[in-house]
Amino acid sequence: MGRINEISALIDNCESFADVGCDHGYIALSVLQSGKCKSVTVTDISAKCLAKAEKLLADYICDGRCRAVCCDGLKGVSSDTEQVLVAGMGGEEIIKILSEGFIPKKFILQPMKNADKVRKFLLSRSCKIVYDGIFKDGKYYFVIKGERDGGGEIYSDVQLAFGRDSIGGSILKEFADNEIKKCKTYFAACADAVRCAELSTQIKLLAEVLK
Ligand SMILES: C[S@@+](CC[C@H](N)C(=O)[O-])C[C@H]1O[C@@H](n2cnc3c(N)ncnc32)[C@H](O)[C@@H]1O
């Protein structure tokens with residue numbers, strides 16, 4: 001299953017859905033075609049990127065089932081939107097979008113990096129993490145599905161680093177094996193004490209996954 005299908009599979013049936021940073025609009029097309037989501041808002045900060053989605057989704061925009069908005073983050077999205085996707089951006093950008101906007105009732109987040117920071121942020125905001133896994137589509141991708149309310153779970157350091165539901169699975173083990181090799185190479189060439197300490201901590205965390 002490719003990245004787009006992996007993400008689409010996590011989207012629940014709903015009345016209203018928003019894809020923030022939609023770029024091409026493939027995910028919106030998939031949920032509209034399947035009938036999973038009745039009303040869809042697609043947004044992008046770049047008018048050029050949004051234009052690709054507007055072209056792809058033209059029929060749905062015409063019949064009023066899809067709305068395209070050029071805006072930063074959630075600024076053009078109604079706060080009562082049932083389910084929101086933010087995929088393919090860095091974790092810090094995702095946190096900024098949620099902090100400056102709102103935490104949606106249901107969300108799916110696919111950070112390209114700093115997934116640990118996204119988990120920490122969600123737990124600190126008492127969000128419920130429904131699924132916290134990893135998948136592989138050439139590269140490895142962490143994906144987090146959650147809800148605004150009902151949190152309170154306490155994660156271990158390994159869960160924070162790699163996702164609660166990834167642990168024990170073959171994909172995370174493969175990821176950890178590769179990352180350990182990379183970290184050991186960097187460590188061998190590292191001249192900075194702080195960076196060396198960071199790498200050493202990371203290697204220990206990764207080794208936990210392989211136990
Ligand atoms: C790598 S693409 C990912 C596209 C799609 N979400 C996916 O996962 O395939 C990232 C997109 O996010 C948009 N973007 C970045 N920061 C944004 C922000 N603060 N608000 C809205 N869109 C943003 C970019 O313009 C770009 O189109």
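Tutor: A residue is called buried if 20 or more other C-beta atoms lie within 10 Å of its own, exposed if 12 or fewer do, and partly exposed in between. The model here is predicted. In helix α2, residues 26-34, the buried residues are Ile27, Ala28, Leu29, Val31 and Leu32.

Student: What comes just after α2?

Tutor: Gly35, which takes a positive phi of about 80°.

Student: How far is Lys48 from Lys211 in sequence and in space?

Tutor: Lys48 and Lys211 are 163 residues apart in sequence, and their C-alpha atoms are 47 Å apart in space.

Student: What makes the phi of Asp23 worth a remark?

Tutor: Most residues other than glycine have a negative phi. Asp23 is not a glycine, yet its phi is positive, about 50°. Asp23 lies in the loop between β1 (14-20) and α2.

Student: What makes Asp23 buried, exposed or partly exposed?

Tutor: The count for Asp23 is 17 other C-beta atoms within 10 Å. Exposed needs 12 or fewer and buried needs 20 or more, so Asp23 is partly exposed.

Student: Where is Asn114 found, and what is its phi?

Tutor: Asn114 is found in the loop between β5 (106-111) and α6 (115-124). Its phi is near 55°, a positive value in a residue other than glycine. Asn114 has 17 other C-beta atoms within 10 Å, so it is partly exposed.

Student: Which residues come nearest to the ligand?

Tutor: Of the 16 residues around the ligand, the nearest are Gly21, Asp23, Cys49, Ala87 and Gly88. The elements β2 (37-44), β4 (83-89) and α5 (91-100) each give two or more residues to this shell. The largest share, 3 residues, comes from β4. By type, the shell divides into 7 nonpolar, 5 polar and 4 charged residues.

Student: How do you know that the length of helix α8 agrees with its number of residues?

Tutor: Helix α8 has 19 residues, 170-188, and at 1.5 Å a residue they should span 27 Å. The end C-alpha atoms of α8 are 27 Å apart, so the two values agree.

Student: Which residues of α8 are buried, and how do you know that they line one face of the helix?

Tutor: Leu172, Phe175, Ala176 and Cys183 are buried in α8. Seen down the axis of α8, the buried residues fall within an arc of 100°, so they line one face. The face turned away from that buried side carries the exposed residues Ser170, Asp177, Asn178, Lys181, Lys184, Thr185 and Ala188.

Student: What covers the buried residues of α8?

Tutor: The cover includes β6 (128-137), β7 (139-147), α7 (157-162) and α9 (193-210).

Student: What are the domains of the chain, and how many residues are in contact between them?

Tutor: The domain assignment gives domain 1 (3-165) and domain 2 (171-210). Their C-alpha centres lie 29 Å apart. In contact are 8 residues of domain 1 and 6 residues of domain 2. On the side of domain 1 that touches domain 2, β6 and α7 each supply at least two residues. The largest share of that side, 4 residues, comes from α7. The residues of this side of domain 1 divide into 6 nonpolar, no polar and 2 charged.

Terms used:
Residues numbered from 1 in each chain as written. Predicted model: local features only at pLDDT ≥ 70, side-chain atom pairs only at ≥ 80, totals over all residues. Expected span 1.5 Å × (residues − 1). Arc of directions from axis to C-beta. Contact = placed C-beta atoms within 7 Å. Near = placed C-beta within 6 Å. Nonpolar A, V, L, I, M, F, W, Y, C, P; charged D, E, K, R; others polar. Domains from an automatic or database assignment.
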